[in-house]
Amino acid sequence: MTDHRTRIRRTMVERDAELAIVDEALDQLTGPGPDAGGALLAFSGPAGLGKTTLLAELRRRAHARSCTVLAARGGEQEQSQPFHVARQLIQPQLAGTSEQELRAALGGWYSIVGPALGLCAPEQGPPPDPQGLRDGLDWVLTHLVVKRAPVALVLDDAHWADPESLSWLAAFAPRAEHLPLLLVVAYRPDELPAHADAFRTLPGRAGQAPLPLAPLTPAAVAALVREALGDHADDAFCKEAWAVTTGNPFEAVELTAKVRGRGLRPVEENAPQLADLAAAQRGSGLVARLERLGPSTVRFAWACAVLGTAIPQDIAARVAALGTEEAAGATTRLRDARILSAAGTTSDHEPETGLEFVHPLIATAIYRAIPDALRVALHGKAAAAVVDAGLGSSAAARHLLETHPENDPWVVRTLREAAGENLRAGAPDAARRQLARALREPPDFDERVAVLYELGCASLLTEPANTVNHLRAALAEPFDDPTLRQGIVIRLAQVLAHSDRLAEASESLAREIARTPDVRARLRLQSEQFMWDAFNAAETDSPARSRRLTRLADRLTGRDLTERYVIALRAWDACLRGEPVDVVLHHAGRVLERPFSWAHEDRGFEVPVLAAMVHMYADRPGRAEELFEAGTAEFERQGWRGAHLSFAYSLRAYIRYRRGRLVEAEELARSGLRLAERVGRRTPVHWYAIAILLTTLLARGRVDEAWELAREHEFGAPFPAAVVFPDSQTVYAELLLARGEVRAAVAELEAVDRRLTPRGIQNPAWCPWQLHLARAVAADDPQRARTLAADAVRRARAFGAPSAIGQALRVAAEVAAPQDRTELLREAVTLLSASPAGYELARALAALGYGLRDADLLTAAVVTARECGADGLVEEATEILTGMGGALPAAPPRADWVTEEEIRAADLAVRSEKEPEPATPDWVLSAACRKLGTDRSGLRAALEAFARSST
């Protein structure tokens, strides 16, 4: 974007300090050596103090230093047009690039950022989330900066930038110092809108302070007057010029132009006339001066004011109802009157982009002078003109937002089209504004329900309470479209569930199920209800729901996506209830016989996540990771980089934790938490991220750090209404237990019992609350501790996953009578050595080695704990080992890949029917199980997957 001004000064007065800072920043940007780099500059000041002139000079100096200049300007009339500023910055740099070249240059970001930047039409399918889109814009701008360095990015009138562009740039700005990028903004501090809150502190976050521009002194105004009118201008005349302009540079320059135009001699006797001349530059004086140019010129000026910036002359002519010659004449008269700027005079380096007002103050004054009714009508004409010019419904929508409702179907249709484009382009707030306006038009009776539904979809992420109202209003309308009705009910349940109102979500689906005669439609609704019930931690009749789900799922064949969702929920329910692991994997296998999308437009991602997670609990974490990698890739392709990606990172961290890869688990968990912080604290995704990171830190022996993290993020009661795994309250109790707060831990764990047991959730692989409670009460009530541990062992054996049984046996040994411990621990070590649970194996080895005073077992515990990154366990086991006189084992280089020896051992185990002897674990096979991510029974499938990935 280029903003055109008449006779922009190359020499500015009393801006030497600002220009010195500009030169210093440009020198740093373009200079050689290690000190070269980017910076952020912010100039602030009221209208007319020369911000635009200063930025124009900055651009000129940047060009002179061979910088690439990206320039944009906010527009008072364009604030509701999403990504208006972003397009000005980036589109010119990609002009003339073919679609094939754009796809190659932008890679996977093409379909995500292309629609927002106006480079391509939005594709059908789910839109990117706002965070994913901002990440894409970050990538595009960073790529441009690196490719075309050094770069100066200049944003003028930032107070009028659209919210989408402004929030993106505010978040990106601190990166400037780490790139060959000088980012410069100018704004009026008193006119920053509410959506610019993040922008207000932007300069401070980047280590700079905004540079306020001061009014000119009398001497500076005198210098301007004498430069324009001659050195003979006397002191009294110059002093009066300063007084009537209050040192405003724009007004001073305009005043001298009018003095020169009037032929007025710059002497003291003419000084009294300056006040009237100055008044003609603003407000009513400017309007009166415009009216003297004639009615057609006034209409053309009004049309330009309505259209905003970069005004196409032909469209302005149509809005003003002028012919081509009349419009050309009006343009000339407005330029001569210094209302419109003369084209092509701002910079030799920047192309003409349309008509512009000489200054935004003039545009604002003219716009506000248009009679209200006429201004509304002109916006309506502008909307039609831009559509007819091929600029699209999105360009028309900003004008339609300014019109009055007239029951016009074209207005509703245009606003719906624009909202659809903006929603798919990643601008839901803009879509919401447009649909709300369409609803007020109002739409025809048959169209009203669809508009309400679309409005609910647009406000889903930003205004969940309003979304519920819109969707319930849609359902209250009398309409006969069962497909639309089903979509509304499913969307309503989704927003209720995401607002932690899971019971209401289930109830809304139940009501619709009862009135739905079509069998397939009813099944779809049932699948949604089963899903939200599964996530409702306060579900009142979980066993009955499980029975219904079992009866339904067991007779389905998986012929379509809905049936596969129901079967996946059956697998998850079986896992929570502790049904045999073979049953769980059987149902999961039925679901995954065909590809299972995580980013289906009409479905949530929750059920695919559950289908993956059952593999982790069933000692197939390698398969779970494989599914999560595919799902994460889908999220990234769709531009879902907020809650979706946070869930993916956090749950992948949990899988790594269960495999005993604690260092990697912590890294992933922290990545998930960073993304969750963008979504908001105490949201479901935040609970997941914190619970998993706390679990990992405890396993690594960093109890104090975990406690500080929990306090920082307010992790504790009240716990969420939605099911979280690992269970939040259980994790909190484990943290209390690690800190020695036994009584508080017992209270929390007994509360978990009261919550989960009535629901029939009995699987200690999913929630080992019994094991933690057994440890907590062992000192005061050993019999209760042994009963709890024995019941956990029984439940784990019923489920059948070796890691769950091994963990339960280890804790049972910890609370058992001394004479019973060795047998329990031997079995735990045997089972865990043929499982993927490296951390649990290390704990069992340490316990058995300590009990037997066996240096070899303790050495194995130290080595395994080191491989896991369980630093606390390493320290504990090492102290015991050295205290027995044992040698501290060297740290052998760890091979994260599966060795040939381990492959042979795994292959032999697959072909052998013989189970391992309890006293002789096969440590090579044990390493293979951990690295392949499976227990012994899953080795065949794991080896096949490994072979496929190796080819």
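Q: Is Arg681 buried, partly exposed or exposed, and what is its relative accessible area?
A: The model is predicted, so local features need pLDDT of at least 70 and side-chain atom pairs count only at pLDDT 80 or more, while totals for chains, interfaces and linings use all residues. Residues are numbered from 1 along each chain as its sequence is written, and side-chain values use heavy atoms, with hydrogens and water left out. Buried means under 20% relative accessible area, exposed over 50%, and partly exposed in between (1.4 Å probe, protein chains only). Arg681 falls in the partly exposed class, with a relative accessible area of 38%.

Q: Which residue forms a salt bridge with Arg681?
A: A salt bridge is a side-chain nitrogen of Lys or Arg within 4 Å of a carboxyl oxygen of Asp or Glu. For Arg681, the closest N and O atoms of the pair are 3.1 Å apart. The partner is partly exposed at 33% relative accessible area; it is Glu677.

Q: Which residues are linked with Glu57 and Arg60 in a network of salt bridges?
A: Glu57 is buried at 1% relative accessible area, whereas Arg60 is partly exposed at 34%. Their network also links Asp23, Asp27, Arg61 and Arg65.

Q: What is the N to O distance in the salt bridge of Arg843 and Glu840?
A: Both residues belong to helix α43 (residues 838-852), 3 residues apart. Arg843 is partly exposed at 24% relative accessibility, and Glu840 is buried at 9%. Their side chains meet at 3.7 Å.

Q: With which side chain does that of Glu666 make a polar contact?
A: Glu666 sits in helix α34 (residues 662-679) and is buried, at 9% relative accessibility. A polar contact is a pair of N or O atoms within 3.5 Å; within protein, one must be able to donate a hydrogen and the other to accept it, and residues adjacent in sequence count only if both atoms are side-chain atoms. At 2.7 Å, the partner side chain is that of Arg700.

Key. Helices (H or I, at least four residues) and strands (E, at least two) are DSSP runs, numbered from the N terminus.
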